[in-house]
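Here is a short tour of how two parts of one protein chain meet. Have the sequence and the model open beside you as you read.

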Amino acid sequence: MFKKLLFLFLTFVAISCTGGKSTDAETQKLVLGVSPIPHQEIVEFVKEDLKAEGIDLEIVVFNDYVQPNISLKDGSIDANYFQHVPYMESFGKENNIEMVSAGGIHLEPLKAYSESIKDINEIQDGSGVLIPNDPTNRGRALLLLDEVGLIKLSSRDKLDADVSDIVENSKNLVITSLNSEQIAPRLSEVALAVINTNNALAAGVTKEKAVIVEGKDSPYVNIITVLKGNENDERVQKLVKVLQSDKVKQFIAEKYNGEVEVGF
């Protein structure tokens, strides 16, 4: 009985000294918005490493390119991981959101895919081409087509180029802009479709169907994005540190076989 009373007394003292909180109370929560592939897969891979750093990572998955930044603005998430700097800057300007990059993580080389041709020289006059419709990825897609000579743009310096900026289209390509996530399911309907890598991977469209691949000097590294002023948040810095590790570098190389490349 004495031992039992002593145990209860010591337990009471321990709880009193910690204010009723367990040691887990020192863990800081970080809410991160991500796209499903590869972003969610990459951050799930480091979740335990972050826990060791005192960060309890809550992952919120988004299936579009609008809500992750809206959620960042309204404070329902602390950071997001789905976009590159040109898109962030364009979206921020249009929606009055001051955002900055806390660090680059990976690059998804943009590709033009086809189920009917193996080489761009096989493209017939009047063929259909699908490209993303958001300004930065639309411009990125048009620059890709310009780079291989399928079209010519009025300027290669305009990152948000539109179809109206095409000054030469010798094959009379019928270029249609769609929401990024709508393109992969319609690949069989056209000769060529420019698909963001995360959407291509999610739809099972592999690099074997790629006819054009963006060069490695691309400025479109996917980043950890936060509201301006939060880039020095200790939680965010720990997240970036863990993601920019040799462990993640190896994970990306082994899992994605060149579909996704390291951006740090």
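A polar contact is a pair of N or O atoms within 3.5 Å; within protein, one must be able to donate a hydrogen and the other to accept it, and residues adjacent in sequence count only if both atoms are side-chain atoms. By that rule, eight residue pairs, both at pLDDT 80 or more, are in polar contact across the interface of domain 1 and domain 2.

A word on the model: it is predicted, so local features need pLDDT of at least 70 and side-chain atom pairs pLDDT 80 or more, while totals for chains, interfaces and linings use all residues. Residues are numbered from 1 along each chain as its sequence is written, and side-chain values use heavy atoms, leaving out hydrogens and water.

The domain bounds come from an automatic or database domain assignment, which gives domain 1 as 30-108 + 220-262 and domain 2 as 111-213.

| Feature of domain 1 and domain 2 | Value |
|---|---|
| Separation of centres, over C-alpha atoms | 26 Å |
| Buried area (accessible area, 1.4 Å probe, that two parts lose on being put together, summed over both) | about 1500 Å² |

Carbon and sulfur atoms give 52% of that buried area. Tyr65, Tyr220 and Glu259 supply 43% of what domain 1 buries against domain 2, more than any other three residues.

Glu259 also has a charged partner: its side chain meets that of Lys111 in a salt bridge at 3.4 Å, N to O. Here a salt bridge is a side-chain nitrogen of Lys or Arg within 4 Å of a carboxyl oxygen of Asp or Glu. The count between the two domains is one salt bridge.
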